[in-house]
Amino acid sequence: MTVKVLILEDNPVARDFLSRVLRESFSDPISITEAGDLETAREQIALTGPHGLHGADPFKLMLVDLELPDGNGLELLAELTQYPATKVVTTLYSDDDHLFPALQCGADGYLLKEDRFDVLVEELRKIVLGQPPLSPAIARRLLTHFRHGAAADSAAPAPMSTLSSAPSGAGQKPVPIEKPVDLPHLTPREIEVLTYLSKGFTIKEIANLMGIKWFTVNDHIKSIYRKLNVSSRAEAAVLASKQGLV
């Protein structure tokens, strides 16, 4: 099966560069659609929908630039939160003002176009392993951000209400630590994927075991995360174990 990819990039040289990176990154056959602005990208995405000329054949991967002639890539990311594709920002901006809004709008990865060809190839290949593609500089920035946030939290004094609000004596009711989880229905295929995830298999290994494409496995994982309301394989595995799914 051919994997459909959309590149949203207004610079023709950059589009060609990203196309070469993509073809080097994946062993599966890929079909690349290019768009130089938001309007063209929206038209191409509409063509892949259930009422489009291509039928229900969505893009599996999108590379999205931020600064575009007719707007910002963040607009498209916000519109596509439910679209079944891995969405990766490809930009020159490494500052917090661009990084965190992109992640909040649903970006699954963040790559800097100034990185070397081989670095970008290596990062995109992480999609097959179920890991977010992040440029090294972006990964360091995220790590620094959350380290500083954790340090600030630990240094902050406890609110007075938490120190004095608990009355002593009898009559106190135990506070439940965890609320019962009402699990939505997982399909047999999703349960199979979840079982393999819980055992530590990579996306590519799961694809080989199930005889399907790795992008299809990725779609199943996104559906599992959404249904279980989790954001990592560790959370999904723990929840599945607690509920006896695996």
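These questions and answers go through a predicted model and ask what stands behind each description.

Visitor: What does the secondary structure of the protein come to?
Guide: It comes to 11 helices and seven strands. Buried residues make up 40% of the 246 residues.

Visitor: What share of the contacts in the protein with a separation of 6 or more comes from residues 24 or more positions apart?
Guide: Such residues account for 64% of those contacts.

Visitor: What is the strand order of the open sheet?
Guide: The five strands run in the order 2-1-3-6-7, with parallel pairing. On average, neighbouring strands are turned by 20 degrees against each other, direction ignored.

Visitor: Why are strand 2 and strand 7 called edge strands?
Guide: Strand 2 (30–35) and strand 7 (109–112) each pair on one side only. That is what makes them the edge strands.

Visitor: How do you know that strand 1 and strand 3 pair?
Guide: Pairing needs at least two bridges. Strand 1 (residues 3–8) and strand 3 have four, in the parallel sense. They therefore count as a pair. One of the links is Ile7, whose bridge partner in strand 3 is Leu63.

Visitor: What joins strand 3 to strand 6, and strand 6 to strand 7?
Guide: Strand 3 and strand 6 pair over four bridges, in the parallel sense. Met62 has Lys87 in strand 6 as its bridge partner. Four bridges also join strand 6 (residues 86–91) to strand 7, and these strands run parallel. There, Val89 is partnered with Tyr110 in strand 7.

Visitor: What makes both faces of strand 3 covered?
Guide: Look at the residues on each side. Leu61 and Leu63 are buried on one side. Met62 and Val64 are buried on the other.

Visitor: Where does Asp65 lie, and what does UniProt place there?
Guide: Asp65 is in the loop between strand 3 (61–64) and strand 4 (67–68). An unreviewed UniProt entry places the feature "modified residue: 4-aspartylphosphate" at Asp65.

Visitor: Why is Asp65 called buried?
Guide: The cut-off for buried is under 20% relative accessible area. Asp65 has 5% relative accessibility, so Asp65 counts as buried.

Visitor: Which residues does Asp65 touch, not counting those up to four places away in sequence?
Guide: Asp65 touches Leu8, Glu9, Asp10, Gly73, Thr90, Thr91 and Lys113.

Visitor: Why is helix 9 called roughly perpendicular to helix 10?
Guide: The axes of helix 9 (residues 203–210) and helix 10 (residues 214–228) cross at roughly 105 degrees. Angles from 65 to 115 degrees count as roughly perpendicular. The label therefore applies to helix 9 and helix 10. The two axes come within 8 Å.

Visitor: Which residues meet where helix 9 contacts helix 10?
Guide: Ile203, Ile206 and Ala207 in helix 9 meet Trp214, Val217, Asn218 and Ile221 in helix 10. By class, the contact has six nonpolar residues, one polar and no charged.

Visitor: How do you know that helix 8 is roughly perpendicular to helix 10?
Guide: The axes of helix 8 (residues 188–198) and helix 10 cross at roughly 95 degrees and come within 9 Å. The range for roughly perpendicular is 65 to 115 degrees. So helix 8 is roughly perpendicular to helix 10.

Visitor: Which residues make up the contact of helix 8 with helix 10?
Guide: From helix 8 come Arg189, Glu190, Val193, Leu194 and Leu197. They meet residues in helix 10, including Val217, His220, Ile221 and Lys227. This contact divides into seven nonpolar, two polar and three charged residues.

Definitions and conventions. Residues numbered from 1 in each chain as written. Predicted model: local features only at pLDDT ≥ 70, side-chain atom pairs only at ≥ 80, totals over all residues. Heavy atoms only, no water. Axes fitted to C-alpha atoms, helices over the stretch in contact; angles between N-to-C directions. Helix = DSSP H or I, 4+ residues; strand = E, 2+ residues; numbered from the N terminus. Parallel < 35°, antiparallel > 145°, perpendicular 65-115°, else oblique. Contact = heavy atoms within 4.5 Å. Nonpolar A, V, L, I, M, F, W, Y, C, P; charged D, E, K, R; others polar. UniProt positions renumbered as here; feature names shortened; annotations may be inferred. Buried < 20%, exposed > 50% of the residue type's maximum accessible area, 1.4 Å probe, protein only.
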